[in-house]
Amino acid sequence: MSSPADLTLAEASAGLRGGKLSARELLEATFDRASLTEAELHAYLTIDHENARAAAAAADEAQANGLWVGPLHGIPVAIKDNMVTAALQTTAGSQILAGYVPPYDATAVTALKSAGAIIVGKTNLDEFAMGSSTENSGYGPSANPWDTTRVPGGSSGGSAAAVAAGSAMIALGSDTGGSIRQPASLCGVVGMKPTYGLVSRYGLIAFASSLDQIGPISRTVEDAAATLEVIAGHDPLDATSYRGEYPRYRSLLGEGVSGLRVGVVAELSGAGIHPEVLSAFRSAVDSLAEGGAIVSEVSLPSMEYALSAYYLIAPAECSANLARFDGVRYGLRVDGATVEEMTARTRAAGFGPEVTRRILLGTYALSAGYYDAFYGQAQKVRTLVIQDFTRAYEGVDVLVSPTSPITAFELGSRTEDPLSMYLVDVCTIPSNLAGTPGISVPVGIDGAGLPIGFQIMAPALGEEVLFRVAAEVERASAWNNRRPPMVEADHGV
Amino acid sequence: MGRRVCMESVRGAPTIGGMAIDIDIAYVARLARIDLSDEELERIGRQLGGILEHAALVQQLPTEGVEPTSHPLPMVNAFRPDRVVPPLERDTALTQAPQAEDGYFRVPPTLEAE
Amino acid sequence: MEYEAVIGIETHVELATASKMFCGCPAQFGADPNTNVCPVCLGLPGALPVPNEQAIEWIVAIGLALDCEIAHRSQFHRKNYFYADQPKNYQISQFDVPVCSGGRLDIEVAGVVSRVRINRVHMEEDTGKMIHVGGGGRIKDADHSLLDFNRSGVPLVEIVTEPDLSSPQQARAFAQELQTIVLALGVSDAKLEEGSMRFDGNVSIRPKGTQEMGTKVEVKNMNSFRSLERALAYEIERQTAALEAGEQVLQETRHWDEGAGVTGGMRSKEESSDYRYFPEPDLVPIEINDTRREAIRNALPELPAARRLRWAALGIDPASIAVLVAGGSDLAGVFDGAVAAGADPKTVANWLTGEVTAFLRRELVDLGATPLTGGYLFELERLYAAGDLSSTAAKQVLVGVLAGEGSPAEVAEERDLIQISDTGALATEIDRVLAEHPAAYQRLKEGDPKVVGFLVGQVMKVTAGKADPKVVSTMLRQKAED
């Protein structure tokens with residue numbers, strides 16, 4: 001018999017509501033799956049057995065009293081460890097925050113709890129979300145459930161690996177340059193980055209504030225949409241929070257794509273994309289056309305500059321965002337004779353090499369005499385990227401591309417060359433610069449048995465059409481909720 | 001002075017490839033307040049040179065008359081009313097402090113006056 | 001060679017909002033250390049700023065009061081520098097698009113009016129407080145430092161002048177006038193001793209008559225108008241001596257040492273001014289359209305310059321006007337209230353600049369904290385004008401009212417200060433005094449004017465000071481003619 005840990009949100013909710021499944025059973029199955037996989041995956045930095053069990057018991061008791069807490073009642077959810085959780089260690093994957101216990105919950109975490117979710121634990125990530133493989137974690141890398149010698153992607157690699165492995169039904173990730181979509185692609189799950197401002201960033205430990213966005217990682221498109229319905233919403237504690245209407249994101253699921261205009265981004269679906277990825281991508285595009293979509297190729301000339309702009313803007317913002325880690329009020333302190341020396345030593349000891357590199361890169365790009373040439377110019381390129389998107393969306397409803405140019409790569413294969421690692425984000429970065437939504441849906445497997453992801457992008461606040469197309473891609477592909485080999489036995493396949 | 005040379009090369013025509021981007025990495029590390037050894041500085045300086053060469057691509061796009069974007073969506077005037085909300089308990093505020101004393105955060109003496 | 005000074009002033013004003021600039025923590029002064037703090041103003045991971053709308057309205061009000069342009073669209077920037085009292089190690093401030101720019105303020109020194117141009121007025125946040133322990137509290141000898149973040153994030157308005165001032169006296173006049181305006185607007189306590197208003201001076205000197213600017217030195221740490229004037233005077237003297245000795249003036253920041261009466265150089269680093277400003281991505285732009293700006297302008301209280309003109313027209317002397325204007329909106333409100341009710345302006349002005357000001361200074365209270373109103377002042381003035389209170393008694397009643405003893409009539413009654421001006425009652429007393437002093441009575445009848453004073457005194461004595469001396473004097477003169 002299959003484990004409840006492998007159910008979708010929709011299935012689990014039905015079971016919980018109908019009394020066929022208890023929150024406690026579901027949680028224990030999730031813990032069992034974690035026991036089975038964690039030694040190899042290291043998807044989690046912290047598993048909160050005690051509080052999760054208490055929450056599950058409370059959910060069951062509430063239900064026994066006829067109270068259904070919310071749309072995530074009893075659902076085991078994992079949180080990327082760059083979102084603060086009250087009284088639960090939050091490290092952002094950095095040694096500089098080893099042992100740090102925040103006094104408050106991130107708004108997105110509060111939303112999950114209010115909807116009845118059970119917080120399983122905190123997942124591994126590249127330190128401060130800077131990376132594409134989780135190899136930059138200050139606590140050791142995570143592995144890909146499809147092949148544990150390979151990376152799960154990053155920076156939300158722990159969240160993607162946990163959802164793929166079934167040690168969480170749903171997870172939250174954060175996406176600054178692809179950090180939800182790329183690991184989802186590499187782990188064969190759905191990962192969605194909402195429109196900037198849709199999910200409050202309050203309590204998300206900032207990497208690059210104008211690019212960061214929290215979003216769901218799940219095993220189905222419907223689960224992602226359902227989770228977004230819970231975590232999206234205006235938050236008065238975030239001045240960049242969207243102040244308009246928040247629709248029901250599942251409303252157009254199952255409508256098909258007949259008559260929708262789909263644009264294939266020329267610059268992101270040719271040179272530089274691995275042939276196997278490209279072939280799976282093309283098949284998925286064909287299936288959309290078969291479903292009645294009007295497919296065309298669209299050129300966005302600024303795309304090739306987007307990566308360069310990103311690698312100036314994100315480090316610049318991070319250089320300021322990470323200045324608060326100074327050994328004064330919380331986190332690591334390495335002693336020094338003066339406060340200046342203490343801070344300089346603390347930061348040297350607490351930050352890993354990639355974070356140090358990006359802080360210095362950003363500091364340089366903002367420093368006297370260089371601002372206009374680097375940061376200022378990058379912001380103008382950002383404008384051009386937005387204009388390119390705006391123009392493209394005049395002719396199409398959604399844009400599509402592969403999510404990642406390659407499938408999961410070997411652990412350690414790219415760590416020595418930062419630039420080669422950055423190039424992995426080439427397809428996902430433009431949406432972050434434009435603040436527009438994007439989603440990765442698994443569509444195939446390469447020759448090495450590794451998942452391939454398909455990216456759909458939509459205009460700002462275009463989540464409904466985004467999910468509509470994603471659901472069709474999911475339905476039309478032969479993916480069919482395929483699970484990694486390591487959990488197949490437990491999955492009962 | 002090395003930096004002035006660099007600025008000229010940045011403005012000059014060949015903005016990618018072959019461009020020697022000169023970084024006073026020790027100065028940048030002091031600005032960022034990270035205590036790095038000479039060896040580390042040298043290595044990171046080299047890596048940044050490579051990344052910046054790629055990043056300098058941004059200078060190839062003509063951007064005459066293009067406004068910079070610092071915020072992806074057009075929003076203005078997100079304010080809060082002037083209302084007091086209860087602060088943290090002092091013990092909570094201080095509980096994560098590496099060193100605290102008499103209700104204060106404690107640090108080594110400072111070199112610089114503000 | 002003769003030198004002239006070129007001075008610009010940077011003023012920081014802490015706004016008196018209830019909550020801080022970017023979070024809901026109380027902004028009040030004087031709480032126990034680290035009790036007015038939260039994730040935002042402690043710079044905890046994940047916390048985000050949201051601007052206080054009241055502070056934005058108030059900075060616009062300050063800008064309008066200084067005749068500034070109000071930007072239709074302005075923007076916060078991050079100013080990056082490490083300092084342990086600054087929790088995020090960047091300050092949310094403004095850079096190329098401040099809320100207000102290009103204003104002016106007229107000041108007067110020794111009867112000469114000069115115009116000081118305002119470069120900009122921008123919004124930022126205050127830092128925490130660092131206490132240096134050991135080494136007598138001196139920074140360089142301290143054993144360790146303690147940090148209190150209660151002030152961290154309190155809204156701070158920075159007002160920057162053009163280098164239009166040429167003497168320490170002008171600088172002081174500017175500072176005082178600015179304080180008066182801020183008090184009139186009611187947007188800050190503007191207390192120099194508590195640091196809610198702080199002045200830094202930028203001083204350079206150049207040969208008289210030349211146009212090129214000399215090397216600029218920033219002088220900090222002056223916490224009274226007097227020390228501002230002294231520090232600038234010292235700095236001008238120091239720079240002049242340096243140039244005369246053939247030395248160079250270093251571009252630096254110097255701290256004023258009030259006790260020693262000197263400025264001293266501070267350690268500065270090569271990178272200390274590389275602030276790496278960039279637009280604050282956590283905040284969206286501020287838009288102030290014409291409608292909103294005009295609504296704020298229409299709600300502005302009367303400003304000191306207008307008050308001066310109006311009060312001069314009432315016949316108040318310039319010295320009294322200066323004191324009244326310095327008293328801010330509370331004092332102006334009481335004065336105008338009394339005058340509007342019909343009190344004599346000069347009498348009321350005398351009391352406010354005399355007894356009332358002395359009382360407030362002596363008791364260390366603000367006028368707003370006393371029961372004195374324009375209505376009470378009018379009531380007192382009527383009692384005085386009607387002769388029910390002597391000049392001395394009126395002042396005693398005023399102190400009683402300030403001290404909370406009741407209305408003027410109640411205090412006068414309670415303290416038994418109502419004058420006897422009833423001629424019937426006084427005639428009896430006068431007859432008694434004349435009977436007791438026949439020689440004096442004789443001189444009175446002979447028309448000796450000098451004896452009137454003596455006899456008035458005697459009547460005052462037998463009536464325990466309650467007789468109206470003017471009425472007694474008139475009655476005595478009539479007796480002499482009888």
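Biologist: How many residue pairs are in polar contact between chain C and chain A?

Modeller: In this predicted model, the count between chain C and chain A is 14 residue pairs in polar contact, both residues being at pLDDT 80 or more. A pair qualifies because it has N or O atoms within 3.5 Å. Two elements of chain C, β4 (77-80) and β15 (278-279), each give two or more residues to the side that touches chain A. By class, that side of chain C has 23 nonpolar, four polar and five charged residues.

Biologist: What makes D282(C) and R201(A) a salt bridge?

Modeller: The closest N and O atoms of D282(C) and R201(A) are 3.1 Å apart. The cut-off is 4 Å from a side-chain nitrogen of Lys or Arg to a carboxyl oxygen of Asp or Glu, so the pair at 3.1 Å is called a salt bridge. The count of such bridges between chain C and chain A is one.

Biologist: How many residues does the contact take from chain C and from chain A, and what area is buried between them?

Modeller: The contact takes 32 residues from chain C and 39 residues from chain A. A residue is counted because it has heavy atoms within 4.5 Å of the other chain. About 2700 Å² is buried between chain C and chain A, and carbon and sulfur atoms give 62% of this area. The size of an interface is often given as the accessible area lost when the parts come together.

Biologist: What do chain A and chain B bury between them?

Modeller: Chain A and chain B bury about 5400 Å², 70% of it on carbon and sulfur atoms. This contact takes 64 residues from chain A and 58 residues from chain B. Across this interface there are 20 residue pairs in polar contact, both residues at pLDDT 80 or more. Six helices of chain A each supply at least two residues to the side that touches chain B: α9 (303-321), α10 (339-350), α11 (353-366), α12 (372-395), α13 (418-422) and α14 (429-434). Of these, α12(A) gives the most, with eleven residues. That side of chain A has 35 nonpolar, 19 polar and ten charged residues.

Biologist: How many salt bridges are there between chain A and chain B?

Modeller: The count between chain A and chain B is zero, whereas the count over all chains is 57 salt bridges.

Biologist: What lines the second largest pocket?

Modeller: The second largest pocket is lined by 50 residues, and Q179(C), T180(C), L183(C), A326(C) and G327(C) lie nearest its centre. Residues are counted in the lining because they have an atom within 4 Å of a grid point. The elements of chain C that give two or more lining residues include β6 (100-109), β7 (112-125) and α8 (345-363). The largest share, seven residues, comes from α2(C). By class, the lining has 27 nonpolar, nine polar and 14 charged residues. About 2000 Å³ of space lies in this pocket.

Biologist: How many cavities of 30 Å³ or more does the structure hold?

Modeller: The structure holds nine such cavities. A space is called a cavity because a 1.4 Å probe fits there but cannot get out, whereas a pocket is an open set. The largest cavity has about 110 Å³ of space. It is lined by 15 residues, of which F22(C), V40(C), C41(C), K88(C) and E125(C) are the closest to its centre. Its lining divides into nine nonpolar, three polar and three charged residues. In the second largest cavity there is about 80 Å³ of space.

Biologist: Which residues does a cis peptide bond join?

Modeller: A cis peptide bond joins G154(A) and S155(A), with omega about 10°. S155(A) lies in the loop between β3 (118-123) and α5 (157-165) of chain A.

Methods: Residues are numbered from 1 along each chain as its sequence is written. Chains are lettered from A and ligands numbered from 1 in the order in which they are written. Side-chain values use heavy atoms; hydrogens and water are left out. Buried area is the accessible area (1.4 Å probe) that two parts lose on being put together, summed over both. A polar contact is a pair of N or O atoms within 3.5 Å; within protein, one must be able to donate a hydrogen and the other to accept it, and residues adjacent in sequence count only if both atoms are side-chain atoms. Helices (H or I, at least four residues) and strands (E, at least two) are DSSP runs, numbered from the N terminus. Ala, Val, Leu, Ile, Met, Phe, Trp, Tyr, Cys and Pro count as nonpolar, Asp, Glu, Lys and Arg as charged, and the others, Gly among them, as polar. On a 1 Å grid over the protein atoms alone, a cavity is a set of points where a 1.4 Å probe fits but cannot get out, and a pocket is an open set with protein on both sides within 12 Å along at least five of seven lines; lining residues have an atom within 4 Å of a point. Grid points are joined across faces, edges and corners, and a volume is the space filled by probe spheres set on the points.
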